[in-house]
Amino acid sequence: MKKKKLRWGMIFVYLFIGIFGIITVFPFIYMILGGLMSYQETTTIPPTLIPKTLRWSNYQKVFEQAPFARYFLNTFITAATTTIVTLFTSILGAFAMTNLKFKGKGFIQLIFLSLLMVPGEAIIFTNYNTIAHLGLLNTYLGLVLPFLTSIFYMYYLQSYFTAISPTIYKAAMIDGASDWEYIWKILVPMSKGGLITVALLSFISGWNSFLWPLLVTNEDKMRLLNNGLAAFASDAGAQTQLQLAAATLTVVPVLIVYFIFRKQIIRGVVRNDLKA
């Protein structure tokens, strides 16, 4: 009797997960399929789920009507730059807060924790005025400068670094290693899961950025993907099949990155690959 109840319970759980999984995944699947449909198929009621003919020419029309290749390049440059620099600064900051002893350390950590509570939208116009006064509007530097450090990622890595026994750091110092050597030869290899997670989250955040690029760029050649997509949705008008194709172009690269590195992300979250 107990086994029967347990079996029905598991069936209910899997059914519940399956239903919500379909609800979550369906919009993405329809977006991809809709980008391969004709205009009539995307506007019929009831909606068409499977295109009769795969119209790959929709993607060609998207690139002909808007400079999406330029948008891709801009987005990759800004996302890659912020990822690399943020990872570098977060590693150094987390190491300093974990292993170094200096006056005012507790006060600095208090300030950092306080800044974590300030929403980015509260300071976005201050950042805009700073970038504008520096003459960095419509430049790559203006797009990435406010995002080259992250207190959140620093504290995330700090949770990794504190799990490493401090005796390892002391032993490295006794052996004559410098802090720089300890970071790159010991600390980084032991924290690969966390570093990969930070890199992926930072890259995805940069890839999906919308509000800040909208503020600091007003030239078509400096737009990022999401800003270009918003402009294209207005320019394309009622051509819903082209809008869906353009939306697919912005989402698929991130999905590919996730599926390639999903195991590293999961390991980074559960931290089961870290041994002190």
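## Surface and helix α1

A residue counts as buried under 20% relative accessible area, as exposed over 50%, and as partly exposed in between. In this predicted model, F16 has 45% relative accessibility, so F16 is partly exposed. F16 is located in helix α1, which covers residues 2-34.

## Aromatic pairs

The structure contains 19 aromatic pairs. In the pair formed by Y156 and Y160, the ring centres are 5.7 Å apart and the planes meet at 50°, so this pair is classed as tilted. Planes under 30 degrees apart would count as stacked, and planes over 60 as edge-to-face.

Both Y156 and Y160 lie in helix α8, residues 151-161. About one helical turn separates Y156 from Y160, because they are four residues apart in this helix. Y156 and Y160 are both buried.

A single aromatic cluster is formed by F63, F68, Y71 and F232.

## Helix α11

Helix α11 runs over residues 192-207 and has 16 residues. From its first C-alpha to its last, helix α11 reaches 22 Å, close to the 22 Å expected at 1.5 Å a residue.

Which residues of α11 are buried? They are G193, G194, L195, T197, V198, A199, L200, S202, F203, G206 and W207.

Terms used: Residues are numbered from 1 along each chain as its sequence is written. This is a predicted model: local features need pLDDT of at least 70, side-chain atom pairs count only at pLDDT 80 or more; totals for chains, interfaces and linings use all residues. Side-chain values use heavy atoms; hydrogens and water are left out. Rings of Phe, Tyr and Trp (its six-membered ring) pair if their centres lie within 6.5 Å; planes under 30 degrees apart count as stacked, over 60 as edge-to-face and the rest as tilted. Helices (H or I, at least four residues) and strands (E, at least two) are DSSP runs, numbered from the N terminus. Buried means under 20% relative accessible area, exposed over 50%, partly exposed in between (1.4 Å probe, protein chains only). The expected span of a helix is 1.5 Å times one less than its number of residues.
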